[in-house]
Amino acid sequence: MKVSSKKKLIQMIVLSLVINGAIPVVVYNLLLNYYSSFVSLLIATLIPLGDNLYHIVKYKKADAFGLFMLTGFVLSLLAFVLGGNERLILLRESMVTGLLGLIFIASLFFAKPLIYHFAIRFSSQDSSEKKGQFAKNWELPYFRFVLRFMTAIWGIALLGEAIVKIILVYELSISAFLAISQLIFYGVIGAAILITMVYRRYAKTRLDLLTNGR
């Protein structure tokens, strides 16, 4: 990764932490002087939602994180309709990550895990030759193991993030949880990405030896 790309990525993460973490905390505490804790929290959650909807409209497409936040907001509204409380609103993202984690893990019991379909989707812009090579590599037991291992890593990471937040939401104050929730999210996702990158590099070296020896 180029230095400029790294700086841009860091800037995006910091900005996201401010918008999705710091600002909602400040807004929540200010609104407590005028509204109930539940209403204050619900309003504060509109900030990250608005930011992601803005990017969806600006770039004319729904990115994964935007859909993630939108789904979380819908779940929080559902919790409100069903008589939910502040804790359920705080868990809106964890409901989504936990569900995604379960989907990743469940896909391990199917013919092809979720990572395989993601890889095919992202390689659709490459040449048909590269895409065909990817599909051909699926015939190798080691290649299938690699994709299943990566799928398991992401499933465990997402489900683990949800479990940690579920525990903390009942142990911390609302302000404290709002402050660290995004750090937990980016920490877990960052760790999963790092493991994926390191293992992918190792697996690619071994896979090249296997394909060249066929």
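Let me start with a rule: patches are made of residues with over 30% relative accessible area and no salt bridge, where like charges are joined within 9 Å and nonpolar side chains (Val, Leu, Ile, Met, Phe, Trp, Tyr) within 5 Å. Accessible areas come from the Shrake-Rupley method with a 1.4 Å probe, and for residues only the protein chains shown count as cover. A salt bridge, in turn, is a side-chain nitrogen of Lys or Arg within 4 Å of a carboxyl oxygen of Asp or Glu.

Now the ground rules. This is a predicted model, so local features need pLDDT of at least 70 and side-chain atom pairs count only at pLDDT 80 or more, while totals for chains, interfaces and linings use all residues. Residues are numbered from 1 along each chain as its sequence is written, and side-chain values use heavy atoms, with hydrogens and water left out.

First, the overall picture. The protein has ten helices and zero strands. Helices (H or I, at least four residues) and strands (E, at least two) are DSSP runs, numbered from the N terminus. Along the sequence the pattern reads α-α-α-α-α-α-α-α-α-α. The protein has 214 residues, and 36% of them count as buried. Buried means under 20% relative accessible area, exposed means over 50%, and partly exposed lies in between (1.4 Å probe, protein chains only).

Back to patches. Which residues make the nonpolar surface patch of about 500 Å²? Tyr34, Tyr35, Val39, Ile43 and Leu46. Take Ile43. Its place is helix H2, residues 37-44. Ile43 is partly exposed, at a relative accessible area of 31%.

Next, a helix pair. Helix H6 covers residues 92-107 and helix H9 covers residues 141-169. Their axes come within 7 Å and cross at roughly 155 degrees. Axes here are lines fitted to C-alpha atoms, for helices over the stretch in contact, and angles run from 0 to 180 degrees between N-to-C directions. H6 and H9 are therefore roughly antiparallel to each other. On that scale, angles under 35 degrees count as roughly parallel, over 145 as roughly antiparallel, 65 to 115 as roughly perpendicular, and the rest as oblique. The crossing of H6 and H9 is left-handed. That label applies if the near helix is turned anticlockwise from the far one by less than a right angle; clockwise gives right-handed.

Two leucines to look at. Leu159 lies in H9. Leu159 is partly exposed, at 24% relative accessibility. Leu108 sits in the loop between H6 and helix H7 (114-122). Leu108 is also at 24%, and counts as partly exposed. Leu108 and Gly155 are 47 residues apart in sequence, and 9.6 Å apart C-alpha to C-alpha.

Last topic: charges. How many salt bridges are there? Two. One joins the side chains of Glu161 and Lys165, at 2.9 Å, N to O. Both residues lie in H9, four residues apart, about one turn of the helix. Buried or exposed? Glu161 counts as buried, at 2% relative accessibility. Lys165 counts as buried too, at 1%.

The other bridge pairs Lys204 with Asp208, closest N and O atoms 3.3 Å apart. Both lie in helix H10, residues 174-212, four residues apart, about one turn of the helix. Lys204 is partly exposed, with a relative accessible area of 46%. Asp208 is partly exposed, at 33%.
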